[in-house]
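Please read the numbered points with the sequence and the model at hand.

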Amino acid sequence: MRTALPALLAAALVALVAACFLPSLGNEFLPDWDDGYYLIDNPIVRGGLTPQGVWRAFTERHGANWIPLTWLSHMADVSAFGLVAWKHRLVNVALHAANAVLVFALLRRATGALWASALTAAIFAAHPLRVESVVWVAERKDVLSAFFGLLSLLAYLRWVRGRRPAALAACAGLLALSLLAKPMLVTLPVLLLALDLWPLGRLDARTWRRRVIEKLPLAALAAAVAVVTLVTQQRGGAMRAATLAERVLNAVVSYARYLELTLVPAGLSPMYAAVRGGPGLAASAVSLATLALVTVLVVRFGGRFPWLVFGWAWYAVALAPVAGFVPVGAATMADRYTYLPLLGPVAALVWSCRAGVAARPRLARGALAASCLAILALGGLTVRQERIWHDELTLFLYAKDHMPPSAEVEYDLAVFRQKNGDLTAAEEHYRRAIALDPGKAEAMVNLGEILFARGDGDGAVALYRGAIAAKPRLATAWNNLGAALEAAGRDGESIAAFRRAVALDPGYVAAHLNLGGALAARGGEEEARRQFATAARLDPASALARYQFGVALARAGRLAEAVAELSEAAALDPQDVQ
């Protein structure tokens, strides 16, 4: 029975994840909350797992991301069961269950402490901070990256115990897979040093140079991916302007706030919007005092209780890429950022309780009861939190009701209203978003679309130019500006704008089609045909792209090829009269 206990505990972790997250299978896709961007409207993914899709996953960025393994995962899902929301979400849940078991296995093998390892893994599995990473289909990259990252850590343990080169090679290969899913674990070489300190006990004043040197190949791999990620995000326009002081203060507040949410998971939000000028003085001071106090306690007691040093070092290092030092996106915080970083503090807390119980055995029954109640409470909060993610309107209204006035939430509501045909409400939300954040370029672009549809071409052009001034690398702003200029008869300017859109985002199908149409109207048939061919190659499932390419081929006298393309277009959209 004793030898079967680890397997039984692993099965219990899987059952715990199922109880917490299977209720979310009834949730819908969130097209305007990145499910569209990652799956539904992404031609790379929508075509399923194909040789061309695999090539494009590795050779192209999509928006501000280069995460080829995540794209391949989504493609495999589409090939297996199409765009069925609950099946995609079930894969996320299965990966999270696997990760909970891997956390248990990692801690048990590293420490030999069966029950403390199981409790840490259970908290990891059931905590409501996990909801965003598991329930949101677009966050497949979190659970997939963590899966390979945890396997990499287990391979490292095997290398430490056996010193076999194959285990070290496996550690490096699995780290590479983790980084190809999401570059979150670029800090893994440093996290391995934390493991060396505790529980492995192989890092001290005499050995630290040797331990650092043996991590250098892994560090080189992580550094290469970090550079690619920064360049991709910069070119994709994801970098947010912020002063050094704002970055540091945002990071300080984030570090403290995540610890608070771990202990008291109340007030979780799908969006923690960035505050212009950085967090307030009071919040910054309280957060800095909290972090200083924790650091002092770790230094004071870390010699006796080395898991405190491990937990604090793991947290500080693992969270660093997303703490706000590098300002990416509209948010300074996100629940998904805590997926692996909070393992450190949770492990430190559990092992501290274990030490307390060992010193006072009469507390054992009370500690067991308290642990069970805590897991049940966390699971209940997780199920409740999942309901917020049921559909877009529920999510957006919750964010609006539970956050200070936010340009990001107003923008999300506007997109939802626009998609559902309520243009008056959409315009109001867009204008509020721009008032809250005058640099909200995406809101300007979408508001420009509404004005353009109403016949206000000059107003649309002004908004598009404002968006370009705020975010010069936003391809949609250049594409829409080109369309508005073309409608005004300013062909030369429109073609220049379309060219800029294509240059900024070579995978932007609509921009290729618009550029091709503008060129064809001015007699540039050959180049127009190349643009239509590119659009059809990028999105073979687009009836419009296949139609435009077919017409261009017919004009060039290539009738057999034209018939083939037009036949594909007709098959894709049988209602298209043309």
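**Notes on charged pairs, aromatic rings, cysteines and surface**

1. The side chains of K440 and E408 are joined by a salt bridge, with 2.6 Å from N to O; the term denotes a side-chain nitrogen of Lys or Arg within 4 Å of a carboxyl oxygen of Asp or Glu. K440 is located in the loop between helix 21 (423-436) and helix 22 (441-453), and E408 in helix 20 (residues 407-419), so the bridge ties together parts that are 32 residues apart in sequence. Helices (H or I, at least four residues) and strands (E, at least two) are DSSP runs, numbered from the N terminus. K440 and E408 are both buried, where buried means under 20% relative accessible area, exposed over 50%, and partly exposed in between (1.4 Å probe, protein chains only).

2. A word on the basis of these values is in order. The model is predicted: local features need pLDDT of at least 70 and side-chain atom pairs count only at pLDDT 80 or more, whereas totals for chains, interfaces and linings use all residues. Residues are numbered from 1 along each chain as its sequence is written, and side-chain values use heavy atoms, with hydrogens and water left out.

3. The search of the whole structure finds 29 salt bridges. Another of them pairs E493 with R465, whose closest N and O atoms are 3.8 Å apart. This pair links distant parts of the chain, with E493 in helix 25 (residues 491-504) and R465 in helix 23 (residues 457-470), 28 residues apart. E493 counts as partly exposed because its relative accessibility is 37%; R465, at 40%, is likewise partly exposed.

4. Within helix 27 (residues 525-538), R530 and E526 are four residues apart and therefore separated by about one helical turn. They form a salt bridge in which the closest N and O atoms are 3.6 Å apart. R530 is partly exposed, with a relative accessible area of 46%, while E526 is exposed, with 53%.

5. How many aromatic pairs does the structure hold? There are 18, a pair being two rings of Phe, Tyr or Trp (its six-membered ring) with centres within 6.5 Å; planes under 30 degrees apart count as stacked, over 60 as edge-to-face and the rest as tilted. F124 and Y339 make an edge-to-face pair, 5.1 Å centre to centre with 70° between the planes. F124 belongs to helix 7 (residues 114-126) and Y339 to the loop between strand 2 and helix 17 (343-359), so the pair ties together parts that are 215 residues apart in sequence. Both F124 and Y339 are buried.

6. F305 and W307 form a tilted aromatic pair, with 5.5 Å between centres and 40° between the planes. F305 counts as partly exposed because its relative accessibility is 22%, whereas W307, at 12%, is buried. The two residues also belong to one aromatic cluster, made up of W198, F305, W307, F310, W314 and W351.

7. Charges also sit over rings in this model, which requires NZ of Lys or CZ of Arg within 6 Å of the ring centre and within 35 degrees of the ring normal. The charged end of R108 lies over the ring of F104, 5.9 Å from its centre. That of R300 lies over the ring of F301, at 4.9 Å from the centre.

8. How many disulfides does a search of the whole structure find? The result is zero, a disulfide being a pair of cysteine sulfur atoms within 2.5 Å. The cysteine sulfur closest to that of C353 belongs to C372 and is 14 Å away, too far for a bond. C353 is partly exposed at 47% relative accessibility; C171, at 0%, is buried.

9. On the surface, L230, L244, V248, F325 and V326 form a nonpolar patch with about 430 Å² of accessible area together. Patches consist of residues with over 30% relative accessible area and no salt bridge, like charges being joined within 9 Å and nonpolar side chains (Val, Leu, Ile, Met, Phe, Trp, Tyr) within 5 Å. V326 is located in the loop between helix 16 (306-319) and strand 2 (331-333). V326 counts as partly exposed because its relative accessibility is 35%.

Technical notes: Areas by Shrake-Rupley, 256 points an atom, 1.4 Å probe, with all protein chains shown as cover.
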